[in-house]
Amino acid sequence: MRYVIVGSGPAGLSAIEAIREVDGEGEVILITAEKFVGYSKPLITYLLGGKVTKENMYYRTEERLREINVEVRSATKVEKVLVDERAVVTHTGEKVVFDKLLLAVGGRPFVPKIEGLDQKEGIFTFTTWEDEERIEEYVKRRGITKAVVLGGGLIGLKTAEALMDLGVKVTIVEVADRILPVTFDKKASEMIERALETLGCEVITNDTVVEVRGRKAISSVVLKSGKEIPTGLLVIAIGVRPNVEFLKGSGIEVNRGILVNERMETNVEGIYAAGDCAEFYDLVDGQRKVIAIWPVAVAQGRVAGYNMAGRNVRYPGSIPMNSVEIAGVPTVSVGHSNVEGEEYEIFTYEDGRTYKKVVIKDNKLVGAIFVNDIDRAGIYTGLILQKLDASSFKEKLLAEDFGLVYLPREFRKKMLEGEMRIWLE
Amino acid sequence: MIGVRKILIREEYCMGCKLCEINCVAAQVGTENLIKIFRYVPELPEPKVIVEEHDYITFALQCRNCYDASCLKACMTGAMHRDPRTGAITVNEEKCVGCWMCVMVCPFGVVKRNVKKKKVASKCDLCAERGSPACVEGCPNEALVLIEVRE
Amino acid sequence: MAKGKIPPEFLVERDDYKCVRCLACVRLCSYGANYYDENAKRVYTENRKCVGCHFCEAMCPTEAITVMRNPFEIKPLAHWTSEHLIDIMKQAETGGVLLTSMGNDRPYFSYFDRIVLNASQVTNPSIDPLREPMEVRTYLGRKQMKLDLEEDEEGRVLLKTEIAPQLKLEVPVMFSAMSYGSISLNAMLSLAEAAKTVGTYFNTGEGGLPKELKRYGSNMIVQVASGRFGVNVDYLNAGSAVEIKIGQGAKPGIGGHLPGEKVTEAISETRMIPVGTDALSPAPHHDIYSIEDLRQLIYAIKEATRYEKPVGVKIAAVHNVAPIAAGMVRAGADYIVIDGIRGGTGAAPKVTRDHVGIPIEFAVAVVDQRLREEGIRHMASVVVAGGIRNSADVIKAIALGADAVYIGTAALVALGCHLCQRCYLGKCNWGIATQDPKLTKRLNPEIGARRLVNLLRAWEHEIKEILGGMGINAIESLRGNRDMLRGVGLHEYELKLLGIKPAGEAW
Ligand SMILES: Cc1cc2nc3c(=O)[nH]c(=O)nc-3n(C[C@H](O)[C@H](O)[C@H](O)COP(=O)(O)OP(=O)(O)OC[C@H]3O[C@@H](n4cnc5c(N)ncnc54)[C@H](O)[C@@H]3O)c2cc1C
Ligand code: SF4
Ligand code: SF4
């Protein structure tokens with residue numbers, strides 16, 4: 001049996017671990033475009049900010065992969081999948097045949113059309129270690145003191161914080177009326193915005209960059225509102241798109257991401273996909289979505305790995321979730337927390353310092369937000385995933401002492417006796 | 001299949017005395033003499049077990065050291081890891097960056113933050129050094145029992 | 001007059017140096033006696049609230065607590081003890097009957113302590129129970145005077161006589177009737193599990209059968225008392241024997257009363273009465289006014305159980321105990337239970353508990369004697385109850401004429417009971433005599449059963465040792481074997497009633 005894994009992100013690596021749990025013999029080949037293998041993408045902002053050392057960038061090591069008998073081909077890009085020949089073709093033209101294939105190719109940053117963007121120095125996207133090296137080098141070489149981050153999402157915010165750690169003054173430009181418009185609600189966004197401001201970060205909302213000025217290197221950006229902001233650096237962080245272009249015409253079904261079933265298998269038997277490049281169902285609303293977050297990539301990767309190695313494991317679906325700590329304010333948002341409508345029952349708690357919110361639909365918890373008091377947030381995540389009927393305890397959800405103690409006895413008992421499994425077998 | 005040690009929580013026998021909490025603190029300090037600890041240790045560590053209580057329902061809860069651990073799947077630094085020797089899930093403080101992904105996903109809500117250090121507070125490792133968990137040993141009613149399960 | 005406070009019975013001393021402020025004692029006391037003072041950052045006790053159950057003392061991780069009796073004494077007056085004074089103060093205050101629980105605690109009836117045992121020396125050999133077989137198993141139920149045997153065609157010997165149903169006891173000790181309501185389900189589960197492990201019996205008491213106990217049928221005796229709670233044909237058939245309860249040593253002549261507040265959902269279900277109604281056990285069975293009436297009930301029950309189960313009758317030891325016992329045997333009882341004046345209870349008026357009835361030592365001696373004289377001793381087994389504390393008491397009771405004993409208080413002590421005598425308050429900190437779910441969970445039946453099994457096994461060992469020393473190799477050879485007993489410091493009439501010789505007198 002020959003397993004070929006494309007992509008060395010968390011989806012790919014956890015699939016390998018799952019395969020090895022079941023099959024110690026089969027041949028495993030990891031092909032990745034990445035130069036560094038086993039490093040953690042989310043840590044690049046921490047690296048830039050000097051909060052993590054290079055050695056600690058790795059959450060898995062190449063040696064470990066070799067130890068479990070994985071053949072690693074780094075800096076190798078897959079350009080084609082030949083479904084009929086059951087092979088992939090790399091950028092060097094080499095064909096690698098497979099019995100089972102996992103596409104764990106993740107996503108790539110989206111770059112919009114902006115006047116004057118092309119060919120200028122000082123403009124970056126920020127999703128890989130190599131990006132980090134480039135940005136760090138540029139900031140240091142040029143002695144950059146001012147930067148604009150386009151996009152007030154999670155990566156934008158983390159990038160801004162990292163740049164501030166380097167002593168750069170940052171302006172965040174967000175097209176929506178507030179930062180973190182997708183994952184957080186208005187109140188939470190406001191609180192995080194306040195926190196950012198205490199760090200000296202300027203936040204501009206309801207606006208976007210329409211022009212980049214400068215000769216060889218960037219010198220300023222012009223906003224839609226007409227405002228011009230002088231800057232030595234522009235980081236574009238307005239989202240990622242699944243890496244699926246190279247699959248065009250391959251016969252593998254793609255929508256926004258690669259379509260998979262609950263075994264993480266594509267329409268082509270023996271070819272699987274997981275992580276940021278895969279499109280599966282949202283556990284709460286049942287819609288097909290790409291949910292590009294780390295825990296989902298790991299879980300899907302493992303499910304794919306088990307199934308590739310011959311077990312039969314089903315993945316019930318994902319929910320969006322995120323945790324960020326900005327300026328010492330920890331926040332968590334899980335599930336469908338930024339929603340409105342009659343079908344939702346919403347409870348909130350606010351005391352100036354903390355903000356908590358739970359969203360209930362059809363008597364089930366579907367979303368939650370926590371600002372500052374995040375300590376037992378995981379319980380809520382678990383309840384959303386388990387789709388437990390919350391009628392008996394919903395009034396208690398925001399109580400200070402909320403915990404397992406308020407859950408139905410039988411459910412708690414099962415939980416305490418075992419644990420909570422995310423996938424089903 | 002691995003044999004994993006687990007603490008079985010039996011809420012039907014938990015009296016809510018919270019002796020597990022102080023025994024945990026003592027085990028962390030490293031001496032069993034509670035009086036000495038109380039009198040002479042200036043800053044006591046937090047217990048790694050919490051007692052939840054409401055009405056007559058009480059139970060002690062510590063990390064379940066899940067087989068399919070959500071925290072392991074969420075940790076993006078590799079700080080959360082399973083100790084190959086004990087099977088317990090422990091945190092490597094040096095690697096932890098305080099992203100709180102583990103806090104966000106632990107369905108038992110037992111990952112504690114060390115706010116000062118901005119890292120996950122060292123968590124229950126079933127008293128790996130000590131041999132048998134202090135909370136289990138000290139429970140007067142066997143509401144906590146150490147068992148071995150095959151996964 | 002100026003009314004003073006009644007002095008607290010106990011003082012809870014706390015060594016503040018040892019107290020680590022874990023607050024376990026504060027959290028655990030069901031009487032709310034301990035409290036933490038935020039300002040002083042110290043733990044204190046309101047001594048008045050302490051009942052002397054010693055739970056906090058047992059739980060304190062640093063042994064900082066000592067619960068002790070209040071040395072309050074006006075003057076050392078032999079007749080007017082501080083207890084008498086306090087009782088008078090209480091009654092002057094409330095005008096009510098003094099309630100209490102557990103058994104009679106007066107010092108004046110301990111005849112077991114004035115009886116000593118024999119052992120073999122020179123003229124007859126003792127037996128080493130570790131090397132030689134030693135039988136402590138016994139059977140309760142009606143025995144035949146003689147057995148008829150016959151031979152079949154192939155020459156095999158067959159038993160012709162029909163044997164009446166028997167209870168098989170691996171040790172001659174059973175757990176006495178303690179009802180669901182008076183004790184917690186966890187306490188009952190402990191007893192049931194221990195009975196099963198050791199091979200003896202527990203008794204449901206008069207409160208019906210909680211469904212959780214149904215699976216212990218082969219180690220269970222079901223009781224039928226004057227309230228007839230939970231009694232139907234399924235109940236009668238659920239155990240291995242049926243016991244009609246006429247009286248109880250702690251409160252001969254009076255009935256029982258479980259207040260409505262204690263009749264919870266679960267209790268109501270097992271007692272088969274509405275939630276919240278008082279559970280009243282009348283003083284007499286209203287269908288039993290004579291031995292003939294008793295016979296009717298015994299046979300009604302035998303019919304209902306198809307003559308497959310022994311039917312016993314339990315009475316309190318009173319002045320007329322011997323003729324009454326003979327009547328019970330003739331009425332058809334397969335075993336009789338005599339509960340002496342030290343028998344325990346969940347709640348009884350103090351005056352009754354302490355003053356009504358006779359010591360079990362006399363009762364068993366005269367009953368055994370009477371049944372022998374009437375030639376009906378074999379028709380029923382005799383079970384003795386009321387204040388059995390150790391294996392020596394068991395041996396003495398059997399040598400005085402019992403087949404087996406019931407233990408109640410001793411079993412509860414094994415489960416944690418410290419004899420605070422406040423069962424009737426329903427707030428037992430040890431989780432025994434309570435239905436409060438916060439408290440009942442404190443009694444883990446696994447631990448409870450383990451401890452009871454330990455207790456019975458320990459007694460079993462001791463009984464074997466003593467039997468061996470006497471040169472006897474079966475408990476049944478000890479029954480009524482009063483030659484093995486001698487009295488110390490007893491009057492002649494007492495010795496005569498007990499049927500034993502004074503110490504120093506040879507065979
Ligand atoms: C800065 C940053 C911060 C983040 N912070 C968080 C966070 O706090 N919480 C969170 O949940 N998520 C976070 N994420 C998202 C998280 O990193 C992703 O969800 C996760 O990495 C997805 O894993 P994956 O394995 O699906 O894809 P990736 O990690 O993107 O891995 C894809 C792999 O495929 C390789 N590849 C792509 N195309 C090819 C090809 N054609 N041939 C060969 N190899 C190819 C890539 O080189 C890469 O190794 C963050 C991401 C970034 C960039
Ligand atoms: S921290 Fe939570 S998720 Fe992780 S092993 Fe412990 S209980 Fe399981
Ligand atoms: S907070 Fe630390 S241990 Fe928890 S997920 Fe993040 S890095 Fe891992």
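Predicted model: local features only at pLDDT ≥ 70, side-chain atom pairs only at ≥ 80, totals over all residues.
In chain A, A:Ser333 lies within strand β23, which spans residues 329–335. With a relative accessible area of 2%, A:Ser333 is classed as buried, because that term covers values under 20%. The side chain of A:Ser333 reaches the backbone oxygen of A:Thr183 at 2.7 Å, and it also makes a polar contact, at 3.3 Å, with the side chain of A:Ser337. When residues up to four places away in sequence are not counted, the residues touched by A:Ser333 include A:Thr183, A:Phe184, A:Pro320, A:Met321 and A:Asn322, together with A:Ala368 and A:Ile369. B:Met104, from chain B, is also among the residues that A:Ser333 touches.

Chain B itself is divided into domain 1, made up of residues 1–62 and 127–151, and domain 2, made up of residues 65–123. The C-alpha centres of these two domains of chain B lie 19 Å apart, and the contact between them draws on 12 residues from domain 1 and 12 residues from domain 2. Between them, domain 1 and domain 2 of chain B bury about 990 Å², of which 58% is on carbon and sulfur atoms.

Across this interface within chain B, 2 salt bridges are found. The side chains of B:Glu46 and B:Lys112 meet in a salt bridge, with an N to O distance of 4.0 Å. The side of domain 1 of chain B that touches domain 2 comprises 5 nonpolar, 1 polar and 6 charged residues. Polar contact between domain 1 and domain 2 of chain B is counted for 2 residue pairs, with both residues at pLDDT 80 or more.

Definitions and conventions
Residues numbered from 1 in each chain as written. Chains lettered and ligands numbered in written order. Heavy atoms only, no water. Helix = DSSP H or I, 4+ residues; strand = E, 2+ residues; numbered from the N terminus. Buried < 20%, exposed > 50% of the residue type's maximum accessible area, 1.4 Å probe, protein only. Polar contact = N/O pair within 3.5 Å; in protein donor to acceptor, adjacent residues only side chain to side chain. Contact = heavy atoms within 4.5 Å. Domains from an automatic or database assignment. Buried area = accessible area lost by both parts, 1.4 Å probe. Nonpolar A, V, L, I, M, F, W, Y, C, P; charged D, E, K, R; others polar.
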